[in-house]
Structures are given as C-alpha cells and as structure tokens.
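Biologist: I am new to this structure. Can we read a few of its features together?

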Amino acid sequence: MTKLYFGDITTMVTTLMIFALVVFIGYTIVDRGSVQHWGMRGLLLLAFGLVVCCFAAARDGLDKTIQFSIDGSCAAGLFPLISIPTVVGCIGALVIIASAIALLFVNSQQAKELCFWFMTSGIAVKIVVVEIARVIAL
C-alpha cells in the first residue's frame, strides 16, 4: 500500500500535493466566514488543482493510455481510456473549467463563492473516484 502512494518520486509528490490541496479546501471550509476575495481563492484553487491533475495523470500513465489507444506502440497506463476514472475525470474537469470561466464574469462575492464550491466539488469527486480506483486496481 505504501508503494501505491510513495512508490517513486512522481507518486510521492502527487500524494503530497493532493494532501495539500485537501488541506487548502478544508481550511477554506473552516474559514469561509472570513474569506473576502472568493475570486482570488478560486483562481488559486484552479491553478493548484491543475498542477495536481497533471501530476496525477502522469502518475497513472494517462498519456500512455492515450498513445496505446491511438497506435498501440506502448503499454497502456493504469486505467483504460474508457473507464470510470477517466470519464469521471473528464466530467469533473468540465465542471471545474465551467466554474472557473463563470468566476471571471460574475461580480458578486456570493456568486464567486458558489463558483469556488462547484470547483471544489469537481475536484473532490475526481480525487475520491481516482484514488478508490487505484486501490481497487492493485
């Protein structure tokens, strides 16, 4: 089980970044009453979430899965191209991107907060589904 989360440098860095992202979201939940700039908080979540997503995709070999699906020149990654983790990841990404775009156009802090929570929901679902699928794939 430790190899699953700390097997190599990419896996270890991804695990630590996911933990940091969850801590950031948890801190925001606890401190939401005093947040004054939801737009900045949302953009920070978007930027850091994108970095974490890229590391997780590299960790799970998504690039290899795509290349295998196109020409079969390499072994596939951890998940097939059409699988629950990849489909949920795409849907979660759609929710996050749509919320981030909306974040740029809304004016009230309440609307920006709502966009933040939509982005948080997309990230949380992606993390839970992918990590459960990784444990099952062992």
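Biologist: Is Phe116 buried or exposed?

Modeller: Buried means under 20% relative accessible area. Phe116 has 0% relative accessibility, so the residue counts as buried. Keep in mind that this is a predicted model.

Biologist: How many aromatic pairs does the structure hold?

Modeller: Rings pair if their centres lie within 6.5 Å. The structure holds three such aromatic pairs. One of them joins Trp38 and Trp117, with 5.8 Å centre to centre and 55° between the planes, a tilted pair.

Biologist: Which parts does that pair tie together?

Modeller: Trp38 belongs to helix 3 (residues 38-60) and Trp117 to helix 6 (residues 109-137), so the pair links parts that are 79 residues apart in sequence. Trp38 is buried, at 3% relative accessibility. Trp117 is partly exposed, at 21%.

Biologist: What kind of pair do Phe116 and Trp117 form?

Modeller: Planes over 60 degrees apart count as edge-to-face. Here the angle is 85°, and the centres are 5.0 Å apart, so Phe116 and Trp117 form an edge-to-face pair.

Biologist: Where does the charged end of Arg134 sit?

Modeller: Over the ring of Tyr5, 5.5 Å from the ring centre.

Biologist: Where does Ser83 lie?

Modeller: In the loop between helix 4 (62-71) and helix 5 (84-105). Ser83 counts as buried, because its relative accessibility is 14%. A polar atom of the Ser83 side chain lies 3.0 Å from the backbone oxygen of Pro80.

Methods:
Residues are numbered from 1 along each chain as its sequence is written. This is a predicted model: local features need pLDDT of at least 70, side-chain atom pairs count only at pLDDT 80 or more; totals for chains, interfaces and linings use all residues. Side-chain values use heavy atoms; hydrogens and water are left out. Helices (H or I, at least four residues) and strands (E, at least two) are DSSP runs, numbered from the N terminus. Buried means under 20% relative accessible area, exposed over 50%, partly exposed in between (1.4 Å probe, protein chains only). A polar contact is a pair of N or O atoms within 3.5 Å; within protein, one must be able to donate a hydrogen and the other to accept it, and residues adjacent in sequence count only if both atoms are side-chain atoms. Rings of Phe, Tyr and Trp (its six-membered ring) pair if their centres lie within 6.5 Å; planes under 30 degrees apart count as stacked, over 60 as edge-to-face and the rest as tilted. A charge sits over a ring if NZ of Lys or CZ of Arg is within 6 Å of the ring centre and within 35 degrees of the ring normal.
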